[in-house]
There are 4 protein chains.
Amino acid sequence: MTDEREQGTIRVGVLGAGGRMGAEVCKAVDGAADMKLVATVDQGDALSELTDAGAQVVVDFTTPDVVMDNLRWCVDHGVHAVVGTTGFTEQRLDQVRGWLAGKPGLGVVIAPNFGIGAVLMMQFATRAARYFESVEIIEQHHPRKLDAPSGTATHTARLIAAARAEAGLGPVPDATADEVPGARGADLDGVRVHAVRATGLVAHQEVLFGTTGETLTIRHDSYDRVSFMPGVLLAVRAVRSRPGLTLALDPLLD
Amino acid sequence: MTDEREQGTIRVGVLGAGGRMGAEVCKAVDGAADMKLVATVDQGDALSELTDAGAQVVVDFTTPDVVMDNLRWCVDHGVHAVVGTTGFTEQRLDQVRGWLAGKPGLGVVIAPNFGIGAVLMMQFATRAARYFESVEIIEQHHPRKLDAPSGTATHTARLIAAARAEAGLGPVPDATADEVPGARGADLDGVRVHAVRATGLVAHQEVLFGTTGETLTIRHDSYDRVSFMPGVLLAVRAVRSRPGLTLALDPLLD
Amino acid sequence: MTDEREQGTIRVGVLGAGGRMGAEVCKAVDGAADMKLVATVDQGDALSELTDAGAQVVVDFTTPDVVMDNLRWCVDHGVHAVVGTTGFTEQRLDQVRGWLAGKPGLGVVIAPNFGIGAVLMMQFATRAARYFESVEIIEQHHPRKLDAPSGTATHTARLIAAARAEAGLGPVPDATADEVPGARGADLDGVRVHAVRATGLVAHQEVLFGTTGETLTIRHDSYDRVSFMPGVLLAVRAVRSRPGLTLALDPLLD
Amino acid sequence: MTDEREQGTIRVGVLGAGGRMGAEVCKAVDGAADMKLVATVDQGDALSELTDAGAQVVVDFTTPDVVMDNLRWCVDHGVHAVVGTTGFTEQRLDQVRGWLAGKPGLGVVIAPNFGIGAVLMMQFATRAARYFESVEIIEQHHPRKLDAPSGTATHTARLIAAARAEAGLGPVPDATADEVPGARGADLDGVRVHAVRATGLVAHQEVLFGTTGETLTIRHDSYDRVSFMPGVLLAVRAVRSRPGLTLALDPLLD
């Protein structure tokens, strides 16, 4: 810490370092010029390793049953936290807000999706929604996926439907009179969503907007869980200057 | 005809010249360096105008109620015919075959689709089908379309399903356990087909094949009915050397 | 105007009504439920027809040599104007600003591109630019186009380059050591732009962003000059509540 | 071999089993229901392990300096071979043909690319070439790639150019008069090729054909070297019934 070359370097600890996502986070922090990986903690390790190593920010990719204890500990010890673990209910979020109330200057970012591309896709889709008569979503995934459509597609459809309603748009035009069941996709709040499944695909989504004589397409292709790493690093950089609880990546993408 | 520059020029007459497709055919023939538009016949005009003008090939884009009379007349007068009119049943085709039996050297081409791109798309899809574990079809059209999926998509799905069966392929892999109704599209002989409808679109189709680590996509975009003209001209050029009845454009695309 | 059903209807006049774009505007205004086409003026007609008909907003798609006289007249007579005519220099814009200075409440919108899809594509591209290591532009047009890349692609590249510079991003990664000249496209301020030309295409542009494990693509397809009409109608609706000079469609897409 | 369940099972040995491709081949053979991995040979191991284990087909992914010795050995011992190793000159191929001349019934398949999707893409592109006025190639790869365009794109362009020449097609239409250098891509025998490089991409290629009012696009996306495995297994299955030397995967895709 006295080394001048470390001026401005963020000291990062990783919780759940042995998991698939945690291991990727360790690699990503290690490769970032402005960060230093100072502690990797997994099941059975003591949380005190984080403070011993002088961690300023902790990244948590653990499990719903331990994440609240981890967060409580971080807040108590004045360590900022970036959390990708799932299972946060409104009740849990309120609890975190309560802990943070007594700690001015301390920040926690909890996000269900650290893919910057996916987050921007949803933002752009929401923004474009009011200007186009038509919109449909086509999501494409590997055939081992259990749900159809994907959670991201469902969320995107809800955002678009809300934006259309706010802008006073009516239903999308559709003269279909003779349909083989399913051809026109699932209807989510009036937005048609098509789920394609094929070996070789990973995770892809296309939002197609159309109006007279033109279409606008926003497409996101994700090939690997490393695609979440730029978003995690972005949150690590931002959390120290965002006191309180920040939900989702959106507010960090000014 | 005595002009040497006309050596090799095909003299073409158009039946239904006043209709939307007929008018496009007239323009296309007019613009083709190796053809000459010698007669345009519409409702109320005499068919004899075709022979008077020395038409060698007649293109018919009329209606199901007059096309058989037109064809009979062409065969009787030794004029080759290229037909885009719809409504041909097996019975009608047999009748045409009967007429042609007594006219060696005379050719008739009847095609439901003169789009070379669409025909090649279906050929390629049929050929690729046996090599890929997964396949799905996404067709996209303007929202005034009444049927979903489109006739071309339905036909493509049938061709693919037949090719898979012949190659001994089992069902495509699909672990979907939790589906919003319609999300996974229409099931046509085991091939999932998704129909997208949006203002601004014209007529598009994508066939997506997938196997371990790779996908192959064949996509056709049609923007205008003029897209059928290269196929019509191809048929006009080919019909004189194809005696008898030729069904669909496929055999002309060696 | 006393008819209660017309409450809220915007009375629109069109200048250059006989031109290709003007004719489309007339059709579009005619088809809009909240507008009434009250005057169509072309070469040789008197501008007073506009005021005689009670036009509240004038749309001008004329030529650079008459547009300044038209605008002067509109401002003098208290008629709002939406202008798609080209040829506006900084000097001309200053002149318009001067005229408007004395007319509080009067609005003029001058836009080089009324395609909402194209404008949103550029906005989204500018916004995404800072979050992705890589970016390239692929524009696709019909082969009769004289310039490569297109004006829109060039403009998009400049916007992206500026956004990258502002965010402190370095050059995009590129290890190319062995290049057939031209393969890597044109270099516009460090952004590679590829211009595809093919019969059958109309006007298309794709901006591809990439970072570790994911890509985000924003694509705009324009099939027809009618694609500009939703943008023209948007401007007609907005101009009455935007006093002064508004440049480009962007500010109207809050 | 006496086990009835093994009837029809192909006994496969892998040369270069420790390399990246070799290791994938071992996994793929192991996972194939109709094959048995009986020997894995790497640097320092004796080739006799292959015959000792009763290998019927050997897959060779080694290096140019040892592959000829390996092949000679296989031919001498009556073992079929499937070879993905590079560096085969016409001279080397003639040598292999000479060895095989004295061994009726023995087969060798040597292929530069085992990606079925890539091979089909090239076949389809070659076949479509004669029917479209315009054609361009857009290949997209990760930014660590040294050559632009890719070898596959260059090969595809050559095949298309040859097919166009054979069909008597002239140059593609292109009115470009004002070009920023490189915008129109590399010119390979008259076919324009564009090479896109971006982080997040793997290996992709699109061939775009256009004619009046329509386009046909053939696109191949490869995400992983496992994408070559279906092609390797296809060759293993086919080589025993294809005596002599087979070059490339094409003839196996009847």
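In chain A, the C-alpha centres of domain 1 and domain 2 lie 33 Å apart. Keep in mind that this is a predicted model. The domain assignment gives domain 1 as 2–110 plus 226–252. Domain 2 runs over 116–223.

So how do these two parts of chain A touch? On the domain 1 side, six residues are in contact with four residues of domain 2.

Now the area. Interface size is often quoted as the accessible area lost when the parts come together. Between domain 1 and domain 2 of chain A, about 400 Å² is buried. Carbon and sulfur atoms give 59% of that. Which residues supply 76% of the area that domain 1 buries against domain 2? They are A:Ser227, A:Leu249 and A:Asp250. No other three residues of domain 1 supply more.

Two residue pairs are in polar contact between the domains. The domain 1 residues that touch domain 2 divide into three nonpolar, two polar and one charged.

On to the copies. Chain B superposes on chain A by a rotation of 179 degrees. The shift along the axis is 0.0 Å, and the RMSD is 0.1 Å. The two copies are therefore related as by a two-fold rotation axis. Where does chain B come nearest that axis, by C-alpha? At B:Gly182, 1.8 Å from the axis.

Last point. Of the interface residues of chain B, 100% are also interface residues in chain A, so the copies meet through the same surface.

Definitions and conventions: Residues are numbered from 1 along each chain as its sequence is written. Chains are lettered from A and ligands numbered from 1 in the order in which they are written. This is a predicted model: local features need pLDDT of at least 70, side-chain atom pairs count only at pLDDT 80 or more; totals for chains, interfaces and linings use all residues. Side-chain values use heavy atoms; hydrogens and water are left out. Domain bounds come from an automatic or database domain assignment. Contact means heavy atoms within 4.5 Å. Buried area is the accessible area (1.4 Å probe) that two parts lose on being put together, summed over both. A polar contact is a pair of N or O atoms within 3.5 Å; within protein, one must be able to donate a hydrogen and the other to accept it, and residues adjacent in sequence count only if both atoms are side-chain atoms. Ala, Val, Leu, Ile, Met, Phe, Trp, Tyr, Cys and Pro count as nonpolar, Asp, Glu, Lys and Arg as charged, and the others, Gly among them, as polar. Copies are superposed by least squares on the C-alpha atoms of residues with pLDDT of at least 70 in both.
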